[in-house]
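Try each task before you read its solution.

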Amino acid sequence: MPPLILGIETSCDETAAAVLEQGGRILSSVVASQLETHGKYGGVVPELASREHLRAIVPVVRECMAKAGVDWQQLAAIAVTEGPGLTGALLVGLTYAKSLSMATGLPLIAVNHLEGHIHAAVMEAAPALPALALVVSGGHTHLFEVREGWQYRLLGRTRDDAAGEAFDKVAKLLGFGYPGGPLIDALAPYGHAHVFAGEFTVPRIKGASQDYSFSGWKTAVLRWTEARDLAAETAARKALFAKRPRATLEELLAATPQPTLDLLASFQHAVVTELLRRATRAAEQMDAQSMIVSGGVACNSELRRAASQLRVGYPVYFPEAKLSTDNAVMIAAAAFPKLARRDFAPLTLRPQASLQLAQ
Ligand code: KG4
Ligand code: ZN
């Protein structure tokens with residue numbers, strides 16, 4: 001029987017646990033989202049995240065084990081996110097994983113959250129290497145070269161905001177709820193991306209860098225709002241989100257006039273184009289045999305469509321939508337190569353808020 005790993009993820013605002021079989025069969029996956037808690041603050045509040053993880057971790061792992069229908073002796077290891085992420089949030093998952101390891105005698109495997117995202121895209125696939133990986137989430141926008149044996153080299157990263165963060169901040173500026181990415185994704189098809197394309201000129205980055213920069217486009221949206229009288233419109237949307245965290249698409253459309261829809265479409269189109277422009281250029285330079293696009297923003301419909309229509313000679317891999325945002329399946333998936341190498345973590349393992357995957 002192929003080995004099983006219990007994965008635990010608590011780096012940000014999802015408490016997640018999963019049991020995964022080597023080869024990609026998911027026996028169970030439980031994700032307790034804290035959206036309701038953080039939504040009203042327009043972003044993740046670290047102290048509240050730790051408290052919610054503390055509340056959720058035991059029931060989430062218990063439910064995950066019950067759904068998988070396995071007992072502890074059937075597991076090969078316990079994998080946990082070591083970083084990067086919020087220290088207090090990481091600490092909850094890590095401490096619980098260490099306690100479980102101590103109590104069951106199972107080895108502990110430390111996983112980098114970004115490596116987890118990369119593995120979510122290639123669960124059952126064996127991508128041809130070297131691969132170019134674009135990890136694009138709320139906290140990260142990184143380009144990595146992935147080599148044989150899951151070795152990584154950092155090719156580029158954002159110099160300021162992550163792409164998901166830019167989605168979230170733009171949405172917040174316009175009075176939409178949190179997280180902004182899925183809302184903009186849902187509304188952008190009702191706007192015309194050419195209308196305000198001129199607001200989103202590609203930032204010039206000195207040198208031959210493969211880095212991204214998104215903060216200028218957030219400022220462009222701020223200036224766009226300042227040049228118009230949007231107070232009533234923005235207030236109406238804020239009221240909509242305050243009243244009901246989950247506004248329906250119809251309500252959102254009714255509260256979003258055409259120019260704002262056009263702005264959202266133009267912004268999203270600019271972000272997607274820029275993400276893929278630098279990713280394909282980096283892939284070309286390293287002679288990539290495949291491309292992996294992962295992280296929360298990999299849910300974005302326009303990004304998925306544009307990436308799958310790229311005229312490149314290599315395959316492009318995406319995670320399934322439910323494995324794009326934070327989950328524990330990806331943490332268990334990234335742990336299997338480490339299990340094979342017996343790359344186990346000591347019980348002195350500590351959270352590493354700014355852990356790097358590669359230099
Ligand atoms: O990977 P993730 O769940 O957490 C981090 O590790 O950051 O990513 C969350 C980010 C948020 O910024 C959210 O707005 C963005 O992913 N996101 C999206 C979409 N779904 C989630 N951005 C654009 N379009 C989406 N459909
Ligand atoms: Zn993530």
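**Exercise 1.** Which helix gives the most residues to the shell around ligand 1?

*Solution.* This is a predicted model: local features need pLDDT of at least 70, side-chain atom pairs count only at pLDDT 80 or more, and totals for chains, interfaces and linings use all residues. Residues are numbered from 1 along each chain, chains are lettered from A and ligands numbered from 1 as written, and side-chain values use heavy atoms, without hydrogens and water.

Step 1. Helices are DSSP runs of H or I with at least four residues, and strands are E runs of at least two, numbered from the N terminus.
Step 2. H4 (113-120), H5 (163-173) and H6 (180-187) each supply at least two shell residues.
Step 3. H6 gives the most, with three residues.

**Exercise 2.** Which strands stand at the edges of the five-stranded sheet?

*Solution.* Step 1. Write the order: S8-S7-S6-S9-S10, an open sheet with mixed pairing. Strands pair if DSSP finds at least two bridges between them.
Step 1. S8 (151-157) and S10 (316-317) each have a single partner strand, so one side of each is left without a neighbour in the sheet.
Step 2. Check one pair: S6 and S7 are antiparallel, over six bridges.
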